[in-house]
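Here are some notes on the structure, as numbered points. They cover the domain contact, an aromatic pair and the chain interface.

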Protein chains: 2
Amino acid sequence: MKKELFALKGTICYSKNQREMIFMEDSYVVCENGVCAGVFSQLPEEYKDIPVEDMGNRLIIPGFTDLHLHAPQYAYRGTGMDLELLDWLNTITFPQEARYADLSYAKKAYSIFVDDLKHSFTTRACIFATLHRPATELLMDMLEESGLATMVGKVNMDRNGSPELQEESAKASAADTRQWLEDIKGRYDHTYPILTPRFTPSCTDELMAELGKIQMEYHVPVQSHLSENFGEIAWVKELCPTSRFYGDAYDMFGLFGTKPASNTNAAHTANNSAASTANTDSGISNDSANGINICPTIMAHCVHSTDEEIQMIKDQGVYIAHCPESNTDIASGIAPVRRYLDMGLHVGLGTDVAGGFSLSMFRAIADTIQVSKLRWRLMDQSLAPVTLEEAFYMATIGGGSFFGKVGSFEKGYEFDAMILDDHNIRHPQEISTRDRLERLVYLSDDRNLVGKYVQGRKVI
Amino acid sequence: MKKELFALKGTICYSKNQREMIFMEDSYVVCENGVCAGVFSQLPEEYKDIPVEDMGNRLIIPGFTDLHLHAPQYAYRGTGMDLELLDWLNTITFPQEARYADLSYAKKAYSIFVDDLKHSFTTRACIFATLHRPATELLMDMLEESGLATMVGKVNMDRNGSPELQEESAKASAADTRQWLEDIKGRYDHTYPILTPRFTPSCTDELMAELGKIQMEYHVPVQSHLSENFGEIAWVKELCPTSRFYGDAYDMFGLFGTKPASNTNAAHTANNSAASTANTDSGISNDSANGINICPTIMAHCVHSTDEEIQMIKDQGVYIAHCPESNTDIASGIAPVRRYLDMGLHVGLGTDVAGGFSLSMFRAIADTIQVSKLRWRLMDQSLAPVTLEEAFYMATIGGGSFFGKVGSFEKGYEFDAMILDDHNIRHPQEISTRDRLERLVYLSDDRNLVGKYVQGRKVI
């Protein structure tokens with residue numbers, strides 16, 4: 001299926017860079033073996049005989065990467081929206097996640113989630129499952145079947161859960177994680193494992209140290225939560241009194257990005273393989289060298305990160321998953337995304353279902369712009385609001401680059417594309433292509449998505 | 001059509017009071033001559049033979065009142081979202097509104113607006129048109145035809161517009177307004193005029209004084225904008241140096257709610273008729289007495305109102321149209337709605353299209369809750385976030401009461417009802433009726449609306 005050579009014709013929109021977009025009407029984007037061969041206003045001679053699907057004036061844009069969401073929480077999205085993080089976890093989230101011990105419930109719930117994700121604007125996603133290995137593997141099976149490209153994590157949590165939702169011990173959690181990684185070895189083409197310590201309050205030092213070992217051994221990337229909520233941050237300080245700041249509590253165990261091995265406390269030798277064997281296909285940056293501990297890491301939120309923490313995020317190439325809807329719903333605050341962008345950090349967008357209620361990455365773009373305006377107005381007028389172009393970049397290349405060359409139509413990028421029909425967003429006047437895109441950001445729903453390709457595969 | 005007697009059966013949800021809701025499954029709401037006869041778990045003997053439409057487990061809720069939106073701006077909703085109020089007006093809004101001088105353009109644009117409004121969650125609305133009389137009357141014709149109940153204002157603006165969008169003089173503006181009110185006299189059953197000075201920067205003192213006279217003469221209510229943006233507020237102070245605060249610049253001309261005639265500067269005698277002849281059917285409060293100047297007034301925004309202004313809003317019964325989406329998009333700020341609710345002010349919700357981009361009043365409810373959380377987190381932890389119940393109340397009775405007994409299913413309320421089918425918001429587990437409603441707040445779109453009644457009329 002990936003061996004195809006074809007072109008889509010339509011109104012093509014993608015990021016030129018972080019601040020500018022390219023809009024090309026009646027143009028072609030060519031896919032060759034799952035990879036973009038470029039965008040052309042006229043098909044070059046070498047492609048003149050390839051199949052062309054003409055989308056008319058529909059928009060063709062790169063797929064979006066949802067850098068942070070919780071599959072089991074999709075079941076109760078949009079409910080229980082009156083709580084802050086820690087209460088929300090204990091009252092709603094933990095009891096609901098405990099249900100995934102029951103595989104038949106998991107099947108029912110994940111079927112809905114995967115079907116809706118497939119029909120959403122997301123082509124790639126980094127997903128938290130639950131601590132349950134069988135349900136996590138089931139979710140991965142379903143995601144593989146969907147055609148999307150995803151990273152999925154069996155969650156680790158050996159403390160501060162509930163009687164129904166907590167692993168027996170650090171050792172048991174680590175053993176189960178190894179078992180999971182063994183179970184799925186070679187099983188998927190485009191579904192990848194990602195280590196997922198829930199967050200510091202859920203994982204003992206012993207478990208974190210085990211995960212550090214597993215990371216080095218299996219070369220899997222890592223995802224977790226960071227500096228989301230004041231109560232959470234204070235709690236981490238209590239639980240890890242020797243950490244200098246929240247992020248340091250991950251870094252102490254080698255779970256916070258890429259750095260010289262000599263600096264890590266995790267007692268492992270350096271590793272010069274790809275970031276992850278399981279992720280060889282995903283294109284995760286592979287510029288390791290002896291003496292470097294490569295741990296591609298996503299940290300969700302970073303709403304209240306200190307200067308020191310931000311510096312370490314930068315120095316160690318940690319990805320920030322900005323989740324504006326969730327940060328609003330759980331009343332966490334508004335992350336200083338303008339600052340992160342200006343510092344050149346890796347910032348992608350996450351829906352954080354079910355802290356966020358919507359799967360729509362267009363909505364995540366809109367929310368990013370909107371909360372940045374409120375932050376500017378209410379908190380700090382030195383940080384200008386985020387523009388449409390910048391938020392679009394975050395949703396495409398910003399998060400996509402965690403998967404490799406993903407999120408653009410430039411030559412060499414993996415071919416993730418969405419076809420958008422916006423005729424139902426009616427207007428009496430002529431409007432520009434940029435206006436059409438801006439309207440989709442604010443006004444689209446799943447009806448506007450009429451085609452989706454991931455790595456060259458036609459998914460819908 | 002209004003003489004019908006019938007019942008709808010389903011899962012009925014409405015506000016018990018500002019803080020609590022009533023949820024009744026398998027129950028009946030009875031409509032008698034356009035008015036609610038009550039909600040019953042079993043149909044009383046007297047109604048046992050009336051036609052019953054069984055909606056199964058669909059939700060039946062009162063209609064929503066959109067207390068503030070601009071019909072001509074619907075054409076460019078969701079575009080040009082990078083500007084603050086005054087720049088946005090000059091760069092985008094004024095040139096776009098100028099197009100409504102062309103009646104054929106107006107017809108094209110308003111057809112889309114009215115059709116979308118009809119199929120939205122709105123049953124009642126207070127709408128700004130443009131300064132053009134013919135286009136305003138066309139809009140009113142179309143709205144009447146739609147079956148919705150609306151108040152519509154020909155906009156007044158005789159200064160600080162653009163060459164294409166400004167009336168010739170205060171006198172010309174007043175004359176045109178009188179002509180408009182004469183033109184439509186007796187023309188509509190459920191479409192009402194409302195005086196609409198755009199905002200103080202657009203109206204000279206002379207025009208405001210004329211409008212004060214017209215208000216007294218025609219007994220029409222008034223809508224305008226108040227304390228939305230810092231630049232705007234400073235400008236009003238310059239333009240009206242004798243006003244004590246922004247609201248006072250309306251009050252000086254008798255355009256700011258209800259108060260003893262002796263306190264008004266507008267040189268008119270008191271009036272003891274209903275608030276408006278044109279609005280007799282609308283049920284606007286009619287408790288006038290000699291010596292009282294009744295001017296039912298809606299002021300949109302009130303984001304930055306001073307204590308003095310808030311006190312006058314309270315004392316004179318002015319309605320606040322809270323427009324959270326717009327206040328976010330144009331980076332105005334977040335209004336202290338908790339304070340307004342606690343003070344017992346009249347607060348309804350507005351979409352403020354196209355400062356807001358969405359016509360959905362469910363979204364307005366969600367936005368109200370969301371921004372109240374950010375305000376609590378970022379600005380003032382003494383003002384608790386708004387709850388689902390409170391925001392629902394604002395969208396129904398809060399704004400509806402500007403039209404009279406509107407926004408509830410209690411006996412005596414006008415029969416405005418919406419039938420909601422939420423089966424596409426899938427879930428694997430049992431959920432409560434309140435959860436179903438909360439999900440519609442966050443996740444609904446027009447597909448979820450399968451029936452709508454206004455004043456007993458079946459609209460869709």
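1. Start with charge across the domain boundary. This is a predicted model. Between domain 1 of chain A and domain 2 of chain A there are four salt bridges. In one salt bridge, the side chains of Arg434(A) and Glu389(A) meet at 2.7 Å, N to O.

2. Which elements of domain 1 of chain A give two or more residues to the side that touches domain 2 of chain A? They are strand 1 (5-15), strand 4 (52-62), strand 17 (417-420), helix 13 (433-443) and strand 18 (449-454) of chain A. Helix 13 of chain A gives the most, with six residues. By class, this side of domain 1 has 14 nonpolar, seven polar and ten charged residues.

3. Now the domain layout. In chain A, the assignment gives domain 1 as 5-63 + 408-458 and domain 2 as 64-403. The contact draws 31 residues from domain 1 of chain A and 35 residues from domain 2 of chain A. Their C-alpha centres lie 29 Å apart. The two domains bury about 2600 Å² between them, with 59% of it on carbon and sulfur atoms.

4. Aromatic pairs deserve a look. Over all chains the count is 36. Take Phe415(A) and Tyr453(A): the ring centres are 5.7 Å apart and the planes are at 80°, so the pair is edge-to-face. Phe415(A) lies in the loop between helix 12 (388-400) and strand 17 of chain A, and Tyr453(A) lies in strand 18 of chain A, so the pair ties together parts that are 38 residues apart in sequence.

5. Next, the chain interface. Chain B puts 53 residues in contact with 54 residues of chain A. The area buried between the two chains is about 4700 Å², and carbon and sulfur atoms give 53% of that. On the chain B side, Arg377(B), Arg426(B) and Pro428(B) lose the most area to chain A, together 15% of what that side buries.

6. How many salt bridges are there between chain B and chain A? The count is twelve. One of them joins the side chains of Arg426(A) and Asp115(B) at 2.9 Å, N to O.

7. Last, the make-up of the chain B side. Helix 2 (103-118), helix 9 (324-329), helix 11 (361-378) and helix 13 (433-443) of chain B are the elements that give two or more residues to the side touching chain A. Helix 11 of chain B gives the most, with eight residues. The residues on this side of chain B divide into 20 nonpolar, 13 polar and 20 charged.

Conventions: Residues are numbered from 1 along each chain as its sequence is written. Chains are lettered from A and ligands numbered from 1 in the order in which they are written. This is a predicted model: local features need pLDDT of at least 70, side-chain atom pairs count only at pLDDT 80 or more; totals for chains, interfaces and linings use all residues. Side-chain values use heavy atoms; hydrogens and water are left out. Domain bounds come from an automatic or database domain assignment. Contact means heavy atoms within 4.5 Å. Buried area is the accessible area (1.4 Å probe) that two parts lose on being put together, summed over both. Helices (H or I, at least four residues) and strands (E, at least two) are DSSP runs, numbered from the N terminus. Ala, Val, Leu, Ile, Met, Phe, Trp, Tyr, Cys and Pro count as nonpolar, Asp, Glu, Lys and Arg as charged, and the others, Gly among them, as polar. Rings of Phe, Tyr and Trp (its six-membered ring) pair if their centres lie within 6.5 Å; planes under 30 degrees apart count as stacked, over 60 as edge-to-face and the rest as tilted.
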